[in-house]
Amino acid sequence: MCFFANGQNKKKAMSITYPIPQHILHDLEKVEKELVNSVKSSNGLLTEACLITLKAGGKRLRPALVLMAGMVGDYDLDTLLPIAVASELIHMASLIHDDVLDNALTRRGVATINATWGEQAAIAVGDFVFSRAFEILSRTDTYMIEVMVKAALDLSLGEFDQMATARVIDQSMADYLQKARRKTAALFAACCEAGSYLSGAKAYEVNALTSYGENLGIAFQIYDDVLDIIGGKATGKAAGVDILDGTVTVPILCALEQLGPKSRLAEIVSLEKPSDEDVKTALEIIYNCGAIDKSKDIARSYVDLAINELKIISKPDAVSVFEGIGRFVIERYH
């Protein structure tokens, strides 16, 4: 399991440590066990496909947000665990479906389900994982079902919006932010809302953490855009996938704002099937015009907005943890 390191955790998934309480790290191990149990079925192939995807790793940030938000009220793992597990399953299912849409062959250095077993199998596995998530949610608080279902719906709409606007260079930052809120930030916000609500936090604290989650999610997505341009061994991703897919991200928007709609970059992003040389050229253009630094600044501004929401949270230890997560989002793989 790839997660945050602290002073007692020797896993070197990243080079920076964060103040994640030991009891949260311990409880995340319980979440991991429940995730493994939740994707097992009588069908051996289905179980194998799920476990390969699950064990490929990931930061488990969404269930971590559920548990850490629970620190704001009366922390109770038994209450928080189903939502924490379901949140990661929703995320996992969306990634499986994303890999089909993107025809991705690897994720985090591991072969995707569609690369190994084919597109139909991947869709079926993604559907199964979604179903497991909502089966778990059906045994939780009714309001929490509503919150998580809305987040899952937003996630689907965000992915559709991204597909519908692929290779369209005439997009604004507002257009991008709507997609980011749906595709990423909605589930972050739902995790923060769920954990704080279920712990009995005060209504204003639940609202503040929900806003924190949304702003954090936007920052996370923007920095993911940056990582797509940077690529490399640390991320487990090839550089330029968004350019290849025609996905207009913040670095591309920042570069186009400077270079204009008739630039070489605009031409490449608009291509139905850009060549490897086209992608390489686009990456060089984005690097050289300062779009990476500007994108990082925008991501930092959303982290600042998120952290500002913490001023009214009554427990300093929870505030410290959430501030650390904010730093993590914009310092990954540095």
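Predicted model: local features only at pLDDT ≥ 70, side-chain atom pairs only at ≥ 80, totals over all residues.
Ile 330 touches Tyr 223, Ala 299, Arg 300 and Val 303, with residues up to four places away in sequence not counted and with contact taken as heavy atoms within 4.5 Å. Residues are numbered from 1 along each chain as its sequence is written, and side-chain values use heavy atoms, with hydrogens and water left out.

**Confidence**

- The protein has a mean pLDDT of 89, and 92% of its residues reach 70 or more.
- Over residues 1-16 the pLDDT stays under 50, and for this stretch the model has 38 contacts beyond four places in sequence.

- Ile 330 lies in helix α15 (residues 316-331), where helices are DSSP runs of H or I with at least four residues, numbered from the N terminus.
- Its relative accessibility is 11%, so Ile 330 counts as buried (buried is under 20% relative accessible area, exposed over 50%, partly exposed in between, with a 1.4 Å probe and protein chains only).
- The C-alpha atom of Ile 330 is separated by 6.9 Å from that of Ala 299, although the two are 31 residues apart along the chain.
- Leaving aside neighbours within four places in sequence, the contacts of Leu 65 are Phe 188, Cys 191, Cys 192, Leu 216, Phe 322 and Ile 325.

**Helix α6 and its packing**

- Helix α6 (residues 119-137) has 19 residues and reaches 27 Å from its first C-alpha to its last, close to the 27 Å expected at 1.5 Å a residue, the expected span being 1.5 Å times one less than the number of residues.
- Among the buried residues of α6 are Ala 122, Val 125, Phe 128, Val 129 and Ala 133, and what covers its buried residues includes α1 (22-38), α2 (44-55), α4 (77-102), α5 (113-117) and α7 (142-164).
- α2 and α6 pack at an angle of about 80 degrees with their axes 10 Å apart, which means that α2 is roughly perpendicular to α6 (65 to 115 degrees counts as roughly perpendicular, with axes fitted to C-alpha atoms over the stretch in contact and angles run from 0 to 180 degrees between N-to-C directions).
- In this pairing, Leu 46, Ala 49 and Cys 50 of α2 meet Val 125, Phe 128 and Val 129 of α6.

**Helix α9**

- Helix α9 (residues 203-230) has 28 residues and reaches 40 Å from its first C-alpha to its last, close to the 40 Å expected at 1.5 Å a residue.
- Because 21 of the 28 residues of α9 are buried, this helix is largely enclosed by the rest of the structure.
- Gly 231 follows α9 and has a positive phi, near 60 degrees.

- Arg 60, in the loop between α2 and α3 (61-69), has a positive phi near 55 degrees although it is a residue other than glycine, and it counts as buried at 4% relative accessibility.
- Arg 167, in the loop between α7 and α8 (173-198), has a positive phi of about 70 degrees and is partly exposed, with a relative accessible area of 23%.

Key. pLDDT = per-residue confidence, 0-100. Helix = DSSP H or I, 4+ residues; strand = E, 2+ residues; numbered from the N terminus. Parallel < 35°, antiparallel > 145°, perpendicular 65-115°, else oblique.
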